Amino acid sequence: MTDLTSMRNIGKELERKLKLAGINSAEELITIGSKEAYFKLKLRFPEVCSVHLYALQGAIDNTDFNMLSEEVKKDLKAYADELK
């Protein structure tokens, strides 16, 4: 199992939240994907915002969250808005 903090965009605080939401490794995050991981975070931590979702997708794609394509950001934002 690879530590979550070994992934881009994931620091100690996001790692803590992910673990409390039941996601314990980089492999688990990659397997469930950013949207499902965000959904789990949102259930446990209602204050998380779309930036968290971008960070998760960036971690999976191994890119800085602010470097995601506009198309990807638009899709993720629409998903995050559905959960509000």
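In H3, the buried residues are Ser50, Leu53, Tyr54, Ala55, Leu56, Gln57, Gly58 and Ala59. The structure described here is a predicted model. Cover for the buried residues of H3 comes from elements that include helix H1 (12–20), helix H2 (26–44) and helix H4 (70–82).

Helix H3 comprises 12 residues, 50–61. Just after H3, asparagine 62 adopts a positive phi of about 55°.

The packing of H2 on H3 was examined next. The axes of H2 and H3 are 9 Å apart, and the two helices pack at an angle of about 175°. Angles over 145 degrees count as roughly antiparallel, and H2 is therefore roughly antiparallel to H3. On the H2 side, the contact is made by Leu29, Ile30, Gly33, Ser34, Lys35, Ala37, Tyr38 and Leu41. H3 contributes Ser50, His52, Leu53, Leu56, Gln57, Ala59 and Ile60. Sorted by class, the contact of H2 with H3 has 9 nonpolar, 5 polar and 1 charged residues.

Two residues of this contact, Gln57 of H3 and Lys35 of H2, are described individually. Glutamine 57, found in helix H3, has a relative accessible area of 15%. Buried means under 20% relative accessible area, so glutamine 57 is classed as buried. The side chain of glutamine 57 is joined to that of serine 34 by a polar contact of 2.6 Å. Leaving aside residues up to four places away in sequence, glutamine 57 touches Ser34, Leu68, Val72 and Leu76. Among the residues touched by glutamine 57, Ser34 belongs to the H2 side of the contact between H2 and H3.

Lysine 35 lies in helix H2. With a relative accessible area of 29%, lysine 35 is partly exposed. A polar contact of 2.9 Å joins the side chain of lysine 35 to that of aspartate 75. Residues up to four places away in sequence aside, lysine 35 touches Leu53, Asp75, Leu76 and Tyr79. Of these, Leu53 is one of the H3 residues in the contact with H2 and is buried. Leu76 is touched by lysine 35 and also by glutamine 57. The C-alpha atoms of lysine 35 and aspartate 3, which are 32 residues apart along the chain, are separated by 20 Å.

Definitions and conventions. Residues numbered from 1 in each chain as written. Predicted model: local features only at pLDDT ≥ 70, side-chain atom pairs only at ≥ 80, totals over all residues. Heavy atoms only, no water. Helix = DSSP H or I, 4+ residues; strand = E, 2+ residues; numbered from the N terminus. Expected span 1.5 Å × (residues − 1). Buried < 20%, exposed > 50% of the residue type's maximum accessible area, 1.4 Å probe, protein only. Contact = heavy atoms within 4.5 Å. Axes fitted to C-alpha atoms, helices over the stretch in contact; angles between N-to-C directions. Parallel < 35°, antiparallel > 145°, perpendicular 65-115°, else oblique. Nonpolar A, V, L, I, M, F, W, Y, C, P; charged D, E, K, R; others polar. Polar contact = N/O pair within 3.5 Å; in protein donor to acceptor, adjacent residues only side chain to side chain.
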